[in-house]
Amino acid sequence: MARLSISHLKKTYGDFTAVDDVDITVADGEFLVLLGPSGCGKTTTLRMIAGFIPPSAGSITIGERDVTVLPPWKRHCGLVFQSYALFPHMTVAQNVAFGLEMHKVPQAERGPRVAEALRLVRLTGFDDRYPRQLSGGQQQRVALARALAMEPQVLLLDEPLSNLDAKLRLEVRVEIRELQRKLGLTTIMVTHDQEEALTMADRLVVMEKGQVRQIGTQRELYEKPADRFVAGFIGRSAFLDGEVTAPGRFRTAGGLDMACAAAAKPGPATLALRPERIAVGGEADGLPNRFTAKVEHASYLGALLDIQVSLDEHDRMLLQIPNRPGLPEPQPDESITIGWAEDAGLVYPRGA
C-alpha cells in the first residue's frame, strides 16, 4: 500500500488538452473514484498513473518514488481493464499467473500467490477453467485476482463493472469494496456511473473538460457542490435562472420573487434546488417560497415519483416525492402547490 500524489498533471494532443493541470492526493488505503462524463479526462489520467500514456507535464509519485517516467511494469500498480483482457487460450490459473511470469517471480512462489488471489475473489477451485466457461462476474473477478497476485502498491480500476448487467453490478461492486477495505489497498477507480461512485468511494473527484471541478466526500459533493456543473452531475437538481436582487432575495427569469439565504452578491445567477427539498401540497403550507405549478409530466419510479412542473413559461422544475400507498399520481396539466424553505437552495453566479 502507498500514498499516491499527482501534481500539475497535464496531457495534450496537438492543440487539444485532454488533462489540464490536475492535482490529486490519494491517502494510503483510500478508495478514490474519478467521476465525470465521457471525454472529461478521467481515463487518460488513470492511464498516465499506470504508465501507459506519458504526461506532457507534471509528476506522479507513489509512496516516496517519483514514477512519472517509469514504464508500467516498474510502478507496482495493478490494473483491471474495462474489457478484463483475459487470454482466452489460458486457464484461470494461467491468466492470474501471467504477470508473475513476466516479472520472473520464481515458480515455487507463483502457485501460492495465485491460490491466495483466487481465494480473495472467491474463485478457489476454478483454476482449470477457461474464460469462456465463466460468467461475466467471474471473468471480472479473475481480472481482479490477476492484479492482486502482483501485490500492487496501488490498484487501478478502469470502468471495471461496465460490462456487467445491473443486478450483477450491485453484487460485484460490494465485493470489490469489501475486498479493498480488507486489504487496505490504495485504489483509484474510473467510472461515469454516479451510483457506482457514490456507493464505493471514500472520496470522489469530479472532472469535466480535463479539469478537476471538485474533490470531496459524497456528502460534500451532494450538499455543497462547488458549481452548477457539479450540482447537475452529482444527483439531480432543479435550476432556475434569474438574478440576485438583494441579499437573501432571488428573482427568476419569469419574474417570481423568492427568499433565498444563499443569495448574496446582486447580479445574474442560477438557483439550484435538490428535488427532495421541494415540498408538495399541504406540506408546502407555511413555507416562505410557495407557488402554484402545473404538472407537465410524472414518472413512476417505484419508491419515488418524478414530477416535472412549470411555474410559468420560463421556469420549470423537477420534483421528487415518496410513493406512499394510495397516493394518486399527478396528471398532466394538473395544478399543484409546491414550496421550499429559505435555506433549501444554492446560488451560483451565471456561468459558474
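Two strands pair if DSSP finds at least two bridges between them. The model shown in these views is predicted.

**View 1. Strands E11 and E12 form an antiparallel pair.** Strand E11 covers residues 238-246. Strand E12 covers residues 249-252. The two strands are joined over 4 bridges, so they meet the requirement of at least two. Within this pairing, Gly-242 stands opposite Thr-252 of E12.

**View 2. Five strands build an open sheet.** The strand order is E13-E12-E11-E14-E20. Pairing is antiparallel. Strand E13 (257-259) lies at one edge and strand E20 (346-349) at the other. Each edge strand pairs on one side only. From one strand to the next, the twist averages 40 degrees.

**View 3. The whole chain sets the context for the sheet.** The chain holds 8 helices and 20 strands. Its C-alpha atoms fill a box of roughly 75 × 50 × 35 Å along the principal axes. Among contacts with a separation of 6 or more, 64% link residues 24 or more positions apart.

**View 4. Burial and surface of the chain.** The chain has 352 residues, and 48% of them are buried.

View 5. The chain carries 40 positive side chains and 44 negative ones. The centres of the two sets lie 5 Å apart.

Methods. Residues numbered from 1 in each chain as written. Predicted model: local features only at pLDDT ≥ 70, side-chain atom pairs only at ≥ 80, totals over all residues. Heavy atoms only, no water. Axes fitted to C-alpha atoms, helices over the stretch in contact; angles between N-to-C directions. Buried < 20%, exposed > 50% of the residue type's maximum accessible area, 1.4 Å probe, protein only. Contact = heavy atoms within 4.5 Å. Lys, Arg positive; Asp, Glu negative; His and termini not counted. Charge placed at Lys NZ, Arg CZ, Asp CG, Glu CD.
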